[in-house]
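Visitor: Could you show me how to read a fold, one feature at a time?
Guide: Gladly; let us look at it together.

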Amino acid sequence: MKKYDLMILGPATRDVNIDYTGKEDRSVGGAVTFCAPAARAANEKVFAAVKIAAEDTDIMDGILVPDEDKALLPSKKTTLMRNEYFTADRERRNSSCAAQSDAIYPDELPDVDCKLTHLAGLLYGDFPNELIEGLKERGMVSADIQGFLRHNEGGKMVFHDWADKMKYLPYFDVLKTDAAEAEILTGMTDREAAAKQLYAWGSKEVLISHNTEMMVYDGKKIRTCPVKARNLSGRTGRGDTTFGSYLAMRLGGADIEEALLYATACVSLKMETPGAFRGTKQDVLDYIKEFY
């Protein structure tokens, strides 16, 4: 059995993105699409398990890892998303969902040996509770909290607090959230206070993304690193790129400060070009040298 550092698990999507000028773009999206290449660029062994309709095999070409390092998990439907952005920085948007893929259950998991599995979800229902429990028996688990807060209600995207958070947050070795999601979970607008609360509830390492900086708290110290992107044409996938590269660096032995610097530089560089990260680790290191 081939061994991996990281398995990224979740649905890919067919996206329609409309920018603030009305320009329309169609692309492959989803957290796994942005996480996987960013993690692989950090020179870690990455496997991508992708939930899509069996006939949508072309989507797998958009998952930028070698064919032998990814698997299609069949679904009746592929998730279909529409994102309309109202500002140039893409911070304000309206999202809708015309279709959602099936949930992923433990018996569907690829037979691969990995140190950590990342739940790269998009919508509530992507990951049933029994999957979290099964994965924890196999090794470390991380999660993007988006997949537990964002609900598809008749095509409309609505955020609700996670009813099972007190039970399952302690299952996560690393938790990723953005500032708005952290507020939904904790009721706190202060990101530092929210990070500390999520740690107190059991998540062992908490990364909170924001348009100005990335933050990590591990129960000992708040660490932050500024975003330095020179333009935001590649804003979509910001948090997923950050977290994929952060996880890969941590699994490769980097301490929190080194991993956070690398991940923030990686996403700053990625945001200057639309699509998933296509650079190398050396590109990120050069970016750090020039801008940090």
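Predicted model: local features only at pLDDT ≥ 70, side-chain atom pairs only at ≥ 80, totals over all residues.

Guide: Residues are numbered from 1 along each chain as its sequence is written, and side-chain values use heavy atoms, with hydrogens and water left out.

Visitor: In what order do the nine strands of the open sheet run?
Guide: Strands of a sheet pair through backbone hydrogen bonds, either parallel or antiparallel. Strands (E, at least two residues) and helices (H or I, at least four) are DSSP runs numbered from the N terminus, and two strands pair if DSSP finds at least two bridges between them. Here the order is S5-S4-S1-S8-S9-S12-S13-S14-S15, with mixed pairing. S5 (70–75) and S15 (222–226) are the edge strands with a single partner each, so one side of each has no neighbour in the sheet. On average, neighbouring strands are turned by 20° against each other, direction ignored.

Visitor: How do S14 and S15 pair?
Guide: S14 (residues 213–217) and S15 are antiparallel, joined over five bridges. Tyr217 stands opposite Ile222 in S15.

Visitor: Which strands does helix H5 lie across?
Guide: Axes are lines fitted to C-alpha atoms, for helices over the stretch in contact (heavy atoms within 4.5 Å), and angles run from 0 to 180 degrees between N-to-C directions. H5 (residues 179–186) lies across S9 (140–144), S12 (174–178) and S13 (206–209), at about 105° to S12. Helix H7 (residues 238–251) runs at about 160° to S12.

Visitor: Which residues of helix H6 are buried?
Guide: Buried means under 20% relative accessible area, with a 1.4 Å probe and protein chains only. In H6 (residues 191–200) the buried residues are Ala194, Ala195 and Leu198. They pack against S12, H5, S13, S14 and S15.

Visitor: Is Leu260 buried or exposed?
Guide: Leu260 is in helix H8 (residues 256–270) and is buried, with a relative accessible area of 2%. Leaving aside neighbours within four places in sequence, Leu260 has contacts including Met214, Thr224 and Tyr246. Leu260 and Thr224 are 36 residues apart in sequence and 7.6 Å apart in space, C-alpha to C-alpha.

Visitor: What does Glu181 touch, not counting residues up to four places away in sequence?
Guide: Glu181, in helix H5, touches Asp144, Ile145, Gln146, Leu149 and Phe159.

Technical notes
Buried < 20%, exposed > 50% of the residue type's maximum accessible area, 1.4 Å probe, protein only.
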